[in-house]
Amino acid sequence: MFVCGPTVYDYAHLGHARTYIAFDIIARYLTSLGYPLRYLMNITDVADRIFEKAKELGKNPRELTLEFEQAFKDDMVALGVKSIQSYARASDYVPQVIEQVRGLIRKGMAYETGTGVYFEVSKFPRFGSLSRLSHEELSLRRLELCSSKKFPEDFSIWRKHNSAPLWDSPWGPGRPGWHIEDTAISIHNFGETYHIHGGASELMFPHHEAEIAQAEALTGKVPFVKFWLHTGLLKVDGRKMSKSLGNVVLIRNALKEYSAQELRWYFASFHYREPVIMSTHALEKSRSEFKSFSRDIEAFRKGSTAVRSSESRKLNQLIRCLERDFARVMNDDFYTPGAIRTLHKYSAQVSRLTRVDERVLKRANFSFSRLMDILGVEPNTTKRE
Ligand SMILES: [Zn+2]
């Protein structure tokens, strides 16, 4: 699984949390099913926005990206996002980018102009099929403004530049295009075809369309990726959370108000494809739900040991139903709202069963812990072992 990572020139906000918590849950679930998952995320540390910001602040770009890369990783740890096994920096993959650009030119899919090297979109008829955009719609969306391109829909895979930071290439000094950074990283690490590519829904076009075009045109292997998973936007008062709208809440600030488990419980109450509607009211409602869930788990774990065999039997039965219902909703395209409801429902029922056999209690504790860990919502309660 490859998921598009952050551009490291600022702190991550709740829109990032929404996406990366969703993929963390998906990764944890797949791993729990026994899939030998490899989860790789790229770090975009080569981008004009970064270099502009570094210049503004009078900082070395490398210093700036390393600082925000570390801040991002710290935020992920604080949110309990623990499934990402490796990160790949775009700046470490420039030779692979150059190799891919060369290959695309050789195949007649890309051409050089005075400003860079461009992928010729009309030579790849499947372009637009992921986002299901028609040719008319595509022609209305100019990907990048540049007068030297043959067609407005063509996108850059190498850009000529004369100000640092620069990398040498057969086309003179310059920088990689954004889209090709990801195919350079993923093909190098996973080969020509792999299973899951994730990212926020706004990346579907043009970013992921461009990735498919580059990879499939280059390798001839179809499909480049078997499953594309896109997370819905985070919306505040009906609008996207973004810096330009001034409605950004940073992860590190949100964590001063809410615990990581509370935030994860909230985000998991939306399916990953849906938009997340953010409001203080909704967050508070979700928090009180999580509190009642935590109280139930606590009550159950602290139960008395005066055993009643009828309660043990009942608990055994409930745990079997819990496991079955949880798997059913998660197997349906990772339907986390159903998973949250299932945990909540059974926690209320088991909290009334406290006079159970030690062995049964242990098994029930194990089941609950395992399922709560998939969502990352285990409350900080004391376990009776
Ligand atoms: Zn990407």
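**Loops, sheet, metal site and voids**

Trainee: Proline 165 is found in the loop between S6 and S7. What is omega for the peptide bond from alanine 164 to proline 165?

Mentor: This is a predicted model, in which local features need pLDDT of at least 70, side-chain atom pairs count only at pLDDT 80 or more, and totals for chains, interfaces and linings use all residues. Residues are numbered from 1 along each chain as its sequence is written, and side-chain values use heavy atoms, with hydrogens and water left out. Strands (E, at least two residues) and helices (H or I, at least four) are DSSP runs numbered from the N terminus. The bond from alanine 164 to proline 165 is cis, with omega near -5°.

Trainee: Where is proline 223, and which residue does a cis peptide bond join to it?

Mentor: Proline 223 has its place in the loop between H7 and S9. Its cis bond has an omega of about -5°. The residue joined to proline 223 by this bond is valine 222.

Trainee: Why is one side of S4 and of S7 left without a neighbour in the sheet?

Mentor: The sheet is open, with four antiparallel strands in the order S4-S5-S6-S7; two strands count as paired if DSSP finds at least two bridges between them. Strands S4 (110-112) and S7 (174-176) stand at the edges, so one side of each lacks a neighbour because each has a single partner strand.

Trainee: Which residue of S5 is the bridge partner of alanine 110?

Mentor: S4 and S5 (residues 116-119) pair in the antiparallel sense over three bridges. In S5, the partner of alanine 110 is phenylalanine 119.

Trainee: Which residues coordinate the zinc ion?

Mentor: Donors are N, O and S atoms within 2.8 Å of the metal (3.2 Å for Na, K and Ca), and water is not among the atoms, so sites may look incomplete. Along the chain, the donors of the zinc ion follow the spacing C-x177-D-x24-H. Aspartate 182 lies in helix H6 (residues 178-190) and histidine 207 in helix H7 (residues 204-219), 25 residues apart. At 1.8 to 2.2 Å, the ion is coordinated by Cys4 (SG), Asp182 (OD) and His207 (NE2).

Trainee: Are aspartate 182 and histidine 207 buried or exposed?

Mentor: Buried means under 20% relative accessible area and exposed over 50%, with partly exposed in between (1.4 Å probe, protein chains only). Both aspartate 182 and histidine 207 are buried.

Trainee: Which element supplies the largest share of the lining of the largest pocket?

Mentor: On a 1 Å grid over the protein atoms alone, a pocket is an open set of points with protein on both sides within 12 Å along at least five of seven lines, a cavity is a set where a 1.4 Å probe fits but cannot get out, and lining residues have an atom within 4 Å of a point. Grid points are joined across faces, edges and corners, and a volume is the space filled by probe spheres set on the points. The largest pocket holds about 880 Å³, and His13, His16, Arg49, Glu202 and Lys240 are the closest to its centre of the 37 residues lining it. The largest share of that lining, five residues, comes from H1.

Trainee: What is the volume of the largest cavity?

Mentor: The structure holds one cavity of 30 Å³ or more. Phe334 is among the residues that line the largest cavity, and H1 gives the most to the lining, with five residues. The volume of the largest cavity is about 80 Å³.
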